Amino acid sequence: KILEKLKELGIDKNTFVFFTSDNGAATYRGASGGDNGPFLCGKETTYEGGMREPGIAWWPGSIPAGTITHQLGNIMDLFTTSLTLAGVKPPQDRIIDGIDLSPVLLDQTAPIIDRPIWYYRGNEMMAVRVGAYKAHYWMWTEFGNDPLKFTFCRGQYIQNVTVHDQINNTEQPILFNVNRDPGEKYIVNPKSKEYKTAMAIIDPIVKAHKEALEPGVPSLNYCDTAVQNWAPPGCEELNYCLPVPESNPKLCVWDH
């Protein structure tokens, strides 16, 4: 309906639209939470099922329909990209994490931008992807007592990968080639030449990232369950309205 309205208003060729999501399907909600296909686990994890989402760009006359790019991107890139498309320079007085994706969106012959993708949970860097490889520095799915039951990884169990305890692998990260193994099922052997070659590239990137990192205080660092969408419009028809709890804002506490 939104795209049709843009066409009706005659501004479709002057409007950049991007469709994505902030996380993968909420597998802990069962069938109603969606499905992440071949990807491991779901929302609230740093496996591919929790972090990899669709990215669909739409701009008639500027972005050719049906084209595909293998560029790695994240939601933070939309800030920098949108500024560029609007002819505005990003702020120069602070570090901007997102990059400008417009070259690969507008020109199908443009080279892929070589950049890492960081996977954070709270303040801890859990994993990083560089090219085809994803290195897990921490493993954690969720708390629980049943070693084979994972709410966030519905029906999925991979030894030494889906784990209930927070496992520190920073000395020897768990490595996957997510191009050939997007489901993160087959660990690259740490003794192999492939592992050593990949980590020789990844380790310096992680070291430089942590040395240059300037932790900030989130502007929305207060948690209040009352502000969640307990009774959205239309919930009556689905018989799924929930009572709104009393407001009780407090500083958020992260597990890491």
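**Note on the predicted model**

1. Taken along the principal axes, the C-alpha atoms of the protein chain fill a box of roughly 55 × 50 × 40 Å. The chain contains six helices and 10 strands, and of its 256 residues 34% count as buried. Of the contacts between residues at least 6 apart in sequence, 57% join residues that are at least 24 apart.

2. As regards charge, the protein chain carries 23 positive and 30 negative side chains, and the centres of these two sets lie 5 Å apart.

3. Four strands form an open sheet in the order 3-4-5-8, and their pairing is antiparallel. Strand 3 (117–121) and strand 8 (174–177) are the edge strands, each of them pairing on one side only. On average, and with direction ignored, neighbouring strands of this sheet are turned by 20° against each other. Helix 5 (residues 193–212) lies across strand 3, strand 4, strand 5 and strand 8, and runs at about 130° to strand 4.

4. Within this sheet, strand 4 (residues 124–130) pairs with strand 5 (residues 133–136) in the antiparallel sense over four bridges. Arg 129 stands opposite Lys 134 of strand 5, while Val 128 has Ala 135 of strand 5 as its bridge partner. The hairpin made by strand 4 and strand 5 has two residues between the strands, and in this hairpin Gly 131 takes a positive phi near 65°.

5. Strand 5 also pairs with strand 8, again in the antiparallel sense and over four bridges; here the bridge partner of His 136 is Ile 174 in strand 8. In a regular strand the side chains alternate between the two faces of the sheet.

6. Is Tyr 157 buried, partly exposed or exposed? The residue lies in the loop between strand 6 (138–139) and strand 7 (167–168). Tyr 157 counts as partly exposed because its relative accessible area is 42%, whereas buried means under 20% and exposed over 50%. The C-alpha atoms of Tyr 157 and Leu 40 are separated by 9.3 Å, although these residues are 117 residues apart along the chain.

Terms used
Residues numbered from 1 in each chain as written. Predicted model: local features only at pLDDT ≥ 70, side-chain atom pairs only at ≥ 80, totals over all residues. Heavy atoms only, no water. Pairing = 2+ DSSP bridges. Axes fitted to C-alpha atoms, helices over the stretch in contact; angles between N-to-C directions. Contact = heavy atoms within 4.5 Å. Buried < 20%, exposed > 50% of the residue type's maximum accessible area, 1.4 Å probe, protein only. Lys, Arg positive; Asp, Glu negative; His and termini not counted. Charge placed at Lys NZ, Arg CZ, Asp CG, Glu CD.
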